[in-house]
Amino acid sequence: MSETDLPICVAALYHFTRFSDHEALREPLLQCCREAGIKGSLLLAAEGINGTIAGSDEGIDRVLAYINQLPGCEGFVFKKSRAKDMPFLRMKVKLKREIVTMGQPNIDPLACVGRYVKPKDWNALISDPDTVVMDTRNDYEVAIGTFRGAVDPDLKTFREFPQWFRNWRREIEAQGRTPKVAMFCTGGIRCEKSTAFAREEGIDDVYHLQGGILKYLEEIPEEESLWDGECFVFDQRVSVGHGLKLGHYDLCHACRCPIDDEDKASPQYEEGVSCPHCYDTRTDAQRQRYRERQHQAKLAEKRGKAHLGEKAETQV
């Protein structure tokens, strides 16, 4: 079966807008998703909407049309891909303070942002020796793939980026350098804020990969690509490669880190319980709880049911 023949449609989306009452939008949006048979996760905040959903083509189109008519969302951009199996267990619509948490309340991507660079122009920009390429994702995402020569801030969370960037800037200025800065992330949403932050810090020569890594992997042929590895995605596909083909990673359900065959061959790996990334950070009591959870999941799988019931799944 080719990628285009896979039965599940997956739509990743984000849109910054100023909702006057985002809380009032939650229940109607959740109801629309339920009626369309869609699963996934959507975040609503005063600054906009963000998330990934999956289901039938008709169901996805129905929900996307609904989002398009929300205040300020007309013409919003989304990214579709395909999956063999449903990558989500439930449908959630959550209310948040931010649709991507940076912890900088004065940053407004609608007022100030970096210059967008289309995937076809990205290689030229990052191949320029006067450009510093920055990966704004978390450390476990960077570990399985990134652009050649990219700086890895080694972030545990996106909240760490502002201080890391200020430290990096001081070091660069001490060297007498004023490079162009090219930032990238999975789908583009982090860079809306990271480039806006850089602009607020007084750096104007800042660029942003439009559509993120996913758009680049979709549009740029592998033989022309400057991307090495796979791209982590926040659903049960775990990772994708060039052409958005399903990747080779699984997920450790104890720590949520991507794991490969080498990790699974480790004596520290136990399905659903531990992996080399988290073995030393979990207690025996925690691992015992994970074993019981894994046991219940296997029993549910044998009965042909999801481990989480529908009632539990739709709670936020």
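Q: How far apart are the mean positions of the positive and negative charges of the protein chain?
A: In this predicted model, the mean positions of the 44 positive and 51 negative charges are 5 Å apart. Lys and Arg were counted as positive, Asp and Glu as negative.

Q: What makes the protein chain as compact as a globular protein of that length?
A: The chain, with ten helices and 15 strands, has a radius of gyration of 20 Å; the globule rule gives 20 Å for 316 residues, and the two values are close, so the description applies. Along its principal axes the C-alpha trace spans about 65 × 50 × 40 Å.

Q: Why is strand β3 called largely enclosed by the rest of the structure?
A: Buried means under 20% relative accessible area. Seven of the eight residues of β3 (residues 48-55) are buried, so the strand is largely enclosed. For the protein chain, buried residues make up 49% of the 316 residues.

Q: How do you know that strands β1 and β3 pair?
A: Pairing needs at least two bridges between the strands. Eight bridges join β1 (residues 8-16) to β3, and the two run antiparallel. One of the bridges links Phe16 with Gly48 in β3.

Q: What makes β2 and β3 a pair?
A: Against the requirement of at least two bridges, strand β2 (residues 39-45) and β3 have seven, in the antiparallel sense. Leu42 stands opposite Gly51 in β3. The two strands form a hairpin, with two residues between them.

Key. Residues numbered from 1 in each chain as written. Predicted model: local features only at pLDDT ≥ 70, side-chain atom pairs only at ≥ 80, totals over all residues. Heavy atoms only, no water. Helix = DSSP H or I, 4+ residues; strand = E, 2+ residues; numbered from the N terminus. Rg over C-alpha atoms; globule rule 2.2 N^0.38 Å. Buried < 20%, exposed > 50% of the residue type's maximum accessible area, 1.4 Å probe, protein only. Charge placed at Lys NZ, Arg CZ, Asp CG, Glu CD.
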